[in-house]
Amino acid sequence: MTDTPAPVDPALLAGNRRPLAGYRATHFLWECSDRVARITLDRPERKNPLSFESYAELRDLFIRLRHASDVRAVVLTGAGDNFCSGGDVHEIIGPLIDLPAPELLMFTRMTGDLVKAMRHCPQPIVAAVDGVCAGAGAILAMASDMRYGTARSKTAFLFARVGLAGCDMGACAMLPRIVGQGRAAEWIYSGRALGGEEAERWGFFNRLVAPERLLDEATTLAGELAAGPTFANGITKTMLHHEWAMTIEQAIESEAQAQAICMLTNDFTRAYEAFAAKQKPRFEGN
């Protein structure tokens, strides 16, 4: 007797898994090839600043990525020789001066929702950082799962220099976990820019790449991740974030449950079958 998988209700499938490769972005560039999506902040003449509209569209896109059936990894980069200079001075910073408290809170919550959406989407995000990476741009790089930089990159959490606290968009929670508490404190309090080599030594960048090779190297990494076990990669990303608030005992139990679920997937079965097929010729004829 052969077990036949139960059919999936079309309404359930349509509500949870949708193609996104054909998405048309309005406030940045969107490309998708071989299950790797590329988001390019595209205002190079001003070092790719963010606007109210691009914040909102990025937030909504990362939320949609939770249900994408054809995207397995994401590369986040900037057009030209820079990553992102943060919130646009004229389009964001100026208008914020005149907003009352309720609207200001709406804005800061929206920016935080973008980071939440990046953390909650199951696809690994690789940031390709060249040139200026400042303010909210540094936050976008920080919120990515991995970061490739260049020696000429300059990353700065500028909030203290514009009269704001460094606790913006999750920086005080996430940055110490990447570079350590002392280094994060120095970086956030001073607002200074770290060059690529220092940022790599601190652990912010996974590696440095020549500027002309940056996007290719980041895309190659994303492609390797996209070729891996999709469901398991999503679980790994979820556990990397959820275990911040767990005890070791809670984390071990949560990982046991997560791994058992992964063992039910076709990715696990296919990986074993591929391994077994490679091993078989060694023993034939003995």
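Two strands count as paired if DSSP finds at least two bridges between them. With that in hand, let's walk through this predicted model, starting at the sheet.

Strands β4 and β6 run parallel and are joined by four bridges. Within this pairing, Ala127 stands opposite Arg147 in β6. Both strands belong to an open sheet of six strands, ordered β1-β2-β3-β4-β6-β9, with mixed pairing. At the edges stand β1 and β9; each has a single partner strand, so one side of each is left without a neighbour in the sheet.

Here are the residue ranges of some of these strands.

| Strand | Residues |
|---|---|
| β1 | 29–33 |
| β4 | 125–129 |
| β6 | 146–149 |
| β9 | 207–208 |

Now to the helices. Helix α2 (residues 52–65) packs against helix α4 (residues 101–120) at an angle of about 35 degrees, and their axes lie 8 Å apart. The crossing of α2 past α4 is left-handed. Among the residues making this contact are Tyr55, Arg59 and Phe62 of α2, together with Asp113, Leu114 and Met118 of α4. Sorted by class, the contact has eleven nonpolar, one polar and two charged residues.

The largest nonpolar core has 55 residues, and Phe62 and Phe204 have the most contacts inside it. Helix α5 (residues 136–143) gives the most to this core, with seven residues. Beyond its neighbours within four places in sequence, Phe62 is in contact with Ile39, Val74, Leu114, Ala117, Met118, Cys121 and Ile125. A second, separate core has 14 residues, including Val36, Val126, Leu221 and Ala226.

How values were computed:
Residues numbered from 1 in each chain as written. Predicted model: local features only at pLDDT ≥ 70, side-chain atom pairs only at ≥ 80, totals over all residues. Heavy atoms only, no water. Core = buried A, V, L, I, M, F, W, Y, C linked by side-chain atoms within 4.5 Å. Buried < 20%, exposed > 50% of the residue type's maximum accessible area, 1.4 Å probe, protein only. Helix = DSSP H or I, 4+ residues; strand = E, 2+ residues; numbered from the N terminus. Contact = heavy atoms within 4.5 Å. Axes fitted to C-alpha atoms, helices over the stretch in contact; angles between N-to-C directions. Left-handed = near helix turned anticlockwise from the far one by under 90°. Nonpolar A, V, L, I, M, F, W, Y, C, P; charged D, E, K, R; others polar.
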